[in-house]
Amino acid sequence: MMKTPLSAVIARRYLFAPKSHSAVTAISVTATVGIAVATAAIVCVLSVFNGFKSLLTEKLDTLAPDVIITPAAGKTFADTDSLLEVVRGVKGVAIATPTVADNALLICDGREMPVLLKGVVPEDYRRITAIDTITLEGGRFATREKDTAPKMVYDSDIGDYVELPAAPKYLADIAIGVSTRLYASPQNPEMIAFAPRRRGHVNTANPSTSFVQDSLKVAGVFQAMQNDYDDNYVITDIELARDIFQYTSECTAVEVKGDGTVPLAALAASLQQKLGDGNALVRDRFRQQALNFRMISIEKWVSFLLLAFILVVASFNIISSLSMLILDKQGSLGTLHALGLSKRRIGAIFAWQSFYVTLIGATGGVLLGVALCLLQQHFGLIKLAGDPSTLVVKSYPVKVIFTDLLAVYVPVLIIGAATALISSRFARSRVSSARL
């Protein structure tokens, strides 16, 4: 069993023994509390950033697929069927579905708005995303009505009536931002979508012929609580999207849902290797929102550095309290030196004491910070500012991560080492002037 160094034993005795001057005790307590408060603040701030990151991850589950595959060059994949066959053959893929998305102009009752029109295969899209759970008005996700009844139309060329085939009526789910700007809803459903022609020449005499148009009806209004989706997203049937953007069998992306047997990062890596870097760009859920996650991480660690600077300021109290303790125990230093303790070991006493004060303050701060975070997590004591009806969460989200608690001790250990060195050198300098 490893024996405790004599310097550490004496330091512990000095730490808890009564001082001859109450000011020394007060400053020591203040130093410890200052370290504890600063450490608790770091724990709370890091946990709040973790909470926002976790909240963003949860919200990505609504409309973002597990993995999305987009062309490495150009806007579309030419051979969708072959691509789907390759993707569905990769281990870990449960569903792979094509989508077609591009910019379009939407008009409703004379009001117009540029939107991102996305065509999907409704059965697959419903299984890949949580679209049904975020549809507010209409209560359903649908992209087409049942085919209308065949029509009998008189053909003058043959002098008889002919039957036109049944044609589907396309529907769309629109984002809350589109609904607000166009006043479109299941109660006011009629819309017209326009997109520039990709083929042919522009007729300057009749510019309207330079656009492809089709009619849409609003089936529902969704709100994903993310600006990327809620501002200008319109989801409709892939056949309508192909018609209006003048595609045949092409797709602009393939969205994939994993079966849960393979981590998403590993699944994306397998798909990237299978498809090749020059053919496709494969991104998992986190890489689809890389900028948002990067900003949260940057803000988190910048805040950590700022609060660590406060810890440095608080450490001056430790130096002050130990300096006064050295002066208070100066007579004892002479006694210890006379008994054979070297200056180096006497300095080690106050180095150990600096370590004890820092460790007690940091550990107390971590425990206090974790306790505050758990209270916030279960009771939501601190509320977010704003109208509660428009907020995703009403109180600050928190999530305590063990590795963050370890990271908190890094600046604490550095500060402890610095204060220990300063205190040790000051104690050694006072030994020679100590009187028995």
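Apart from its neighbours within four places in sequence, D102 is in contact with K75, V115, L116, L117, F245 and Y247, where contact means heavy atoms within 4.5 Å. The model is a predicted one, in which local features need pLDDT of at least 70 and side-chain atom pairs count only at pLDDT 80 or more, whereas totals for chains, interfaces and linings use all residues. Residues are numbered from 1 along each chain as its sequence is written, and side-chain values use heavy atoms, with hydrogens and water left out.

D102 is placed in strand β2, which spans residues 93–108; helices (H or I, at least four residues) and strands (E, at least two) are DSSP runs, numbered from the N terminus. With a relative accessible area of 16%, D102 is buried, a class defined as under 20% relative accessible area, with exposed being over 50% and partly exposed in between (1.4 Å probe, protein chains only). The side chain of D102 also makes a polar contact with the side chain of K75, at 2.7 Å. A polar contact is a pair of N or O atoms within 3.5 Å; within protein, one must be able to donate a hydrogen and the other to accept it, and residues adjacent in sequence count only if both atoms are side-chain atoms.

The structure holds zero disulfides, a disulfide being a pair of cysteine sulfur atoms within 2.5 Å. For C373, the closest cysteine sulfur is that of C44, at 4.2 Å, which is too far for a bond. C373 is buried at 2% relative accessibility, and C108 is likewise buried, with a relative accessible area of 0%.

Helix α1 (residues 6–16) and helix α12 (residues 343–379) have axes that come within 8 Å and cross at roughly 55°, so that α1 is oblique to α12. Axes are lines fitted to C-alpha atoms, for helices over the stretch in contact, and angles run from 0 to 180 degrees between N-to-C directions; those under 35 degrees count as roughly parallel, over 145 as roughly antiparallel, 65 to 115 as roughly perpendicular and the rest as oblique. Residues making the contact include L6, I10 and Y14 of α1 and F350, W352 and Y356 of α12.

Most residues other than glycine have a negative phi. D109, found in the loop between β2 and β3 (111–120), has a positive phi near 55° and is exposed, with a relative accessible area of 53%. Y183, in the loop between α5 (176–182) and β8 (190–196), has a positive phi near 55° and counts as exposed at 56% relative accessibility.
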